[in-house]
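Hello,

Here is the structure I promised to pass on. My notes follow below.

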Amino acid sequence: MNFMDGLLFTLLNTVVCLCLPKLLSVMAAKSISDAPQVVAIQSSESSSEISGVMDAA
């Protein structure tokens, strides 16, 4: 491998190392935004009583 091959390989590697993380983060953000969103369901009825499942002996 001569000097020009090494220089070309170094420049190519630099471009890949700078662009690949950005490309991966864009792809990850797109897949997260495409995922269905889970909606929390809240009960309108609340009770302060504890059911008698665990009765004292």
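How many helices and strands are there in the protein? There are one helix and zero strands. Helices (H or I, at least four residues) and strands (E, at least two) are DSSP runs, numbered from the N terminus. Helix α1 covers residues 3-34, and L23 has its place there.

Some background. This is a predicted model: local features need pLDDT of at least 70, side-chain atom pairs count only at pLDDT 80 or more, and totals for chains, interfaces and linings use all residues. Residues are numbered from 1 along each chain as its sequence is written, and side-chain values use heavy atoms, with hydrogens and water left out.

Now the surface. The protein has 57 residues, and 2% of them count as buried (under 20% relative accessible area, with exposed over 50% and partly exposed in between; 1.4 Å probe, protein chains only). Its accessible surface comes to about 6,000 Å² (Shrake-Rupley method, 1.4 Å probe). Carbon and sulfur atoms hold 66% of that surface.

Last, the cysteines. The count of disulfides (pairs of cysteine sulfur atoms within 2.5 Å) is zero. C19 itself is partly exposed, at 46% relative accessibility.

Best wishes
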